[in-house]
Amino acid sequence: MASPARLTTALADIVGRRHLLTAPRRTRFFRRGFRANEGQALAVARPGSLVELWRVLDACVTAGAIVILQAANTGLTGGSTPAPGGYDRPVVIVSVRRLTGIRLLDGARQALCLPGATLHQLERTLRPHGREPHSVIGSSCFGASVVGGICNNSGGSLVRRGPAYTEYALFARVTVDGRLELVNHLGIDLGADPVEMLGRLDRGLAADAVATDGRRASDHDYAAQVCDIYADTPARHNADPRCLHEASGCAGKLAVFAVRVDSFPTEGATRTFYIGTNAPARLADLRRRILSLGGTLPIAAEYLHREAFDLADQYGKDQFLMIDRLGTDRLPLFFAAKSWLDDFLARWRWLPANPVDRLLHAAAARLADHLPARLRRMREGYEHHLMIKLSAADDGGVPALLDEWLAPDDALIECSADEARQAFLHRFVVAGAAVRYQAIHAGRVAGVLSLDIALRRNDRDWFESLPPPIADQIVHRIYYGHFLCHVLHQDYVLRRGADPAAIKTAMLDRLDARGARYPAEHNVGHSYDAPPPLAQFYRTLDPTNSFNPGIGRQSRRRNHADAARPPLSGKE
């Protein structure tokens, strides 16, 4: 094993000293997850080409170091950052943010994406061709990468498309005998030598080199999967063997250089209906009836609880206004600038905690109301809210069903274009609002516990009821999610003095008893135990445990040597 000093010298020779970070202050941004705690790393290497990425990986594997590949670092479970507590070998974080190439294939029906290409960039590249990527709202606004979505089987709000998935990938793996090996399953002839192959992609790709075969570049079967309302298993979750294939679902256990993914026709005119009810069973009945129609599925169907509505209203207003008035193009830049300013102000210990969050919150509170009056009235009258977006050209019979389903105690409005945009944007900022609440009230709460769950497709009793010993320790319960998919996000703001780890254990026990699966779409990271089939998938991909060890709370040691699992943290 090479010494840490020799390894950092070798890495600097590959990427240049400007792009090798070793000082803790400079690496902190990369070592800290969006919500999870931060760990330690020897260095952060930022290669500027695929050839440099290969040479960085080779140097790390030769030196016996751990590699953690990182793209946008937007994950919620710490899956692309070092875990607290340390490892048995030096850790090198390899940031691929500079590797942003995208090449459209087959008349823009597919795209070849390098590891740093973001969903937002892909969306912008496809737009002139009347196409769009797998995901067009949510994480794409934060700058999440295309490859990151594939590696995590990320889901999303679009009902027809399911988890991000492809069988076309170019990746490196470490073999049982410790060799770095490049595997080309892109369906593109790149040659045989790794440097030659990657150099071709760096320089651009001739369209005639691309072959089409029977493999899939998206989850073709999801629409049928989600419509099976009698199945006693979820429609999708991160450990579903149906969508674990090489790069898809690998969670960083492979070093992915490129993927081929499908694009989709851009939706034309749409209609959005906003539903309010005080009876969860009414929504359960509506879900089953929509999925049983047999026609074209809705584009999206997003659930929002009244308490989530209120929290987003108060603590997500600045983000709402920023997106509404400036668009999503500037959002990744804003979050990078905010992170830099947070680190800069942290040096001044006399300032209150999280000063940037406090300033943004205070400024937004002084601005005029940002929500439409009809949405306000729905909030006043109803606890449970559902937004359904349909294709105007083919609504699948849903409007007629809604008219038939509607009862005197429920409410239904068809939104104007502005109301629809604002309703979905309000739903989008809920997750960030929970983080903002914690930042503003850090001294008064024990943290935010975030669960990401997939209910069984035949489950009618979907709305959670907590026993008093748990409920009494919670300040806010924030429920929202992708309703037709039965994927729910449940965030809990815990009272000061509560035990986050104990509450999380109790919550997961209850979910196990209900037959739910978790996480649904944010990956196990360092927050959840990988179920045995998923843990075996990771060991098969990475037998020496060189890439992202400890993912799924598995062993962090070389060759997956047995080690005690870290304690379950309720703060992740």
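Tutor: Let us begin with burial: a residue is buried under 20% relative accessible area, exposed over 50% and partly exposed in between, with a 1.4 Å probe and protein chains only. The model is predicted, so local features need pLDDT of at least 70 and side-chain atom pairs count only at pLDDT 80 or more, while totals for chains, interfaces and linings use all residues. Residues are numbered from 1 along each chain as its sequence is written, and side-chain values use heavy atoms, with hydrogens and water left out.

Student: Why is W462 called buried?

Tutor: Its relative accessibility is 2%, so W462 counts as buried. F463, with a relative accessible area of 22%, is partly exposed.

Student: What makes the pair of W462 and F463 edge-to-face?

Tutor: Rings of Phe, Tyr and Trp (its six-membered ring) pair if their centres lie within 6.5 Å; planes under 30 degrees apart count as stacked, over 60 as edge-to-face and the rest as tilted. The ring centres of W462 and F463 are 5.5 Å apart and the planes stand at 70 degrees, so the pair is edge-to-face. By contrast, F537 and Y538 form a tilted pair, with 6.3 Å centre to centre and 45 degrees between the planes. Both F537 and Y538 are buried. Ring pairs also link W462 and F463 with Y303, Y479, F483 and Y492 in a cluster.

Student: What makes K504 a charge over the ring of Y528?

Tutor: The criterion is that NZ of Lys or CZ of Arg lies within 6 Å of the ring centre and within 35 degrees of the ring normal. The charged end of K504 sits over the ring of Y528, 4.9 Å from its centre. R556 likewise lies over the face of Y87, at 5.5 Å from the ring centre.

Student: How do you know that the span of helix α18 agrees with expectation?

Tutor: Helices (H or I, at least four residues) and strands (E, at least two) are DSSP runs, numbered from the N terminus. The expected span is 1.5 Å times one less than the number of residues. Helix α18 (residues 500-514) has 15 residues and should therefore span 21 Å; its end C-alpha atoms are 21 Å apart, which agrees.

Student: Why are the buried residues of α18 said to line one face of the helix?

Tutor: These residues are P500, I503, K504, M507, L508 and L511. Seen down the axis of α18, they fall within an arc of 130 degrees (the arc of the directions from the helix axis to the C-beta atoms), so they line one face. In general, an α-helix has 3.6 residues a turn, so residues three or four places apart point the same way.

Student: How do you know that β2 and β4 are paired?

Tutor: Two strands pair if DSSP finds at least two bridges between them. Strand β2 (residues 43-45) and strand β4 (residues 91-95) have three bridges, in the parallel sense. A45 stands opposite V94 in β4. Both strands belong to an open sheet of four strands, with the order β1-β2-β4-β3 and mixed pairing.

Student: Why is H486 called buried?

Tutor: H486 has a relative accessible area of 2%, so it is buried. H486 is in the loop between β17 and β18, and its phi is near 60 degrees, a positive value in a residue other than glycine.
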